[in-house]
Amino acid sequence: MVHRLVVSYGQPEDPAAFDAYYRDTHTPLAVQMPGLVRLTTGRPQSMDPSHPAPYLVAQLDFDSEQAMGAAFASDEGKATAKDVPKFASGGAVMTHYEVNEVHVSR
């Protein structure tokens, strides 16, 4: 099983500064968290223009919810969480869940 944390970042005041900080400072902090299996990011596009999409979405995968909790309780996890307000001027919403995979046969 995979337990996934999704961080949705709102539109930053300065997109170029956000991008540089996220790439050069925040991501190197995040990848040091113990138990992190995968970190992916993307720029979503809304299917419905009346509902704006987040500026950036990050997905952090762990082996379990307990592993995710331990990662954020670690010194590296605390440093990563403490870093978010330094660059996320548009806010950040975090959700997490167990990933349930549906196999598609064609």
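Two strands count as paired if DSSP finds at least two bridges between them, and strands themselves are DSSP runs (E, at least two residues), just as helices are H or I runs of at least four, all numbered from the N terminus. What you're looking at is a predicted model, where local features need pLDDT of at least 70 and side-chain atom pairs count only at pLDDT 80 or more, while totals for chains, interfaces and linings use all residues. Residues are numbered from 1 along each chain as its sequence is written, and side-chain values use heavy atoms, with hydrogens and water left out.

**The overall picture**

- The protein chain has 3 helices and 4 strands, and starting at the N terminus these elements come in the order β-α-β-β-α-α-β.
- Taken along the principal axes, the box filled by the C-alpha atoms is roughly 40 × 40 × 20 Å.
- Of the 106 residues in the protein chain, 28% are buried; that label means under 20% relative accessible area, with exposed being over 50% and partly exposed in between (1.4 Å probe, protein chains only).
- Contact here means heavy atoms within 4.5 Å. Take the contacts between residues at least 6 apart in sequence, and 75% of them join residues at least 24 apart.

**The sheet**

- The 4 strands make an open sheet, ordered β2-β3-β1-β4, with antiparallel pairing.
- β2 and β4 (92-99) are the edge strands, each pairing on one side only.
- On average, and ignoring direction, neighbouring strands of this sheet are turned by 15° against each other. For angles like this, axes are lines fitted to C-alpha atoms (for helices, over the stretch in contact), and values run from 0 to 180 degrees between N-to-C directions.

**Strand by strand**

- β1 is joined to β3 by 7 bridges, and the two run antiparallel.
- On the β4 side, β1 pairs in the antiparallel sense over 8 bridges, with Tyr9 opposite Ala92.
- β2 and β3 also run antiparallel, joined by 6 bridges. Thr41 has Ala58 as its bridge partner in β3.
- Because 6 of its 8 residues are buried, β1 is largely enclosed by the rest of the structure.
- β3 is mostly covered too, with 6 of its 7 residues buried.

**Helix α1**

- α1 covers residues 15-30 and bends by about 45° at Tyr22; the bend at a residue is the angle between axes fitted to the seven residues ending there and the seven starting there.
- Phe18, Tyr22, His26 and Ala30 are buried in α1.
- An α-helix has 3.6 residues a turn, so residues three or four places apart point the same way.
- The buried residues of α1 pack against β1 (2-9), β2 (36-42), β3 (56-62) and α3 (75-83).
- α1 lies across β1, β2 and β3, running at about 170° to β2.

**Helix against helix**

- α1 and α3 pack at an angle of about 155°, with their axes 8 Å apart. That makes α1 roughly antiparallel to α3. (Under 35 degrees counts as roughly parallel, over 145 as roughly antiparallel, 65 to 115 as roughly perpendicular, and the rest as oblique.)
- On the α1 side, Tyr21, Thr25, His26, Leu29 and Ala30 make the contact, and from α3 it's Ala79, Thr80 and Asp83.
- By class, this contact of α1 with α3 has 4 nonpolar, 3 polar and 1 charged residues. Ala, Val, Leu, Ile, Met, Phe, Trp, Tyr, Cys and Pro count as nonpolar, Asp, Glu, Lys and Arg as charged, and the others, Gly among them, as polar.
- α2 (residues 65-73) packs against α3 at an angle of about 75°, with their axes 4 Å apart. That makes α2 roughly perpendicular to α3.
- Ala71, Phe72 and Ala73 in α2 meet Asp75, Gly77 and Lys78 in α3, and by class the contact has 3 nonpolar, 1 polar and 2 charged residues.

**A look at Arg43**

- Arg43 is found in the loop between β2 and β3. With a relative accessible area of 45%, Arg43 is partly exposed.
- Leaving aside neighbours within four places in sequence, Arg43 is in contact with Asp19, Tyr55 and Leu56.
- Arg43 and Ala53 are 10 residues apart along the chain, and their C-alpha atoms are separated by 8.5 Å.
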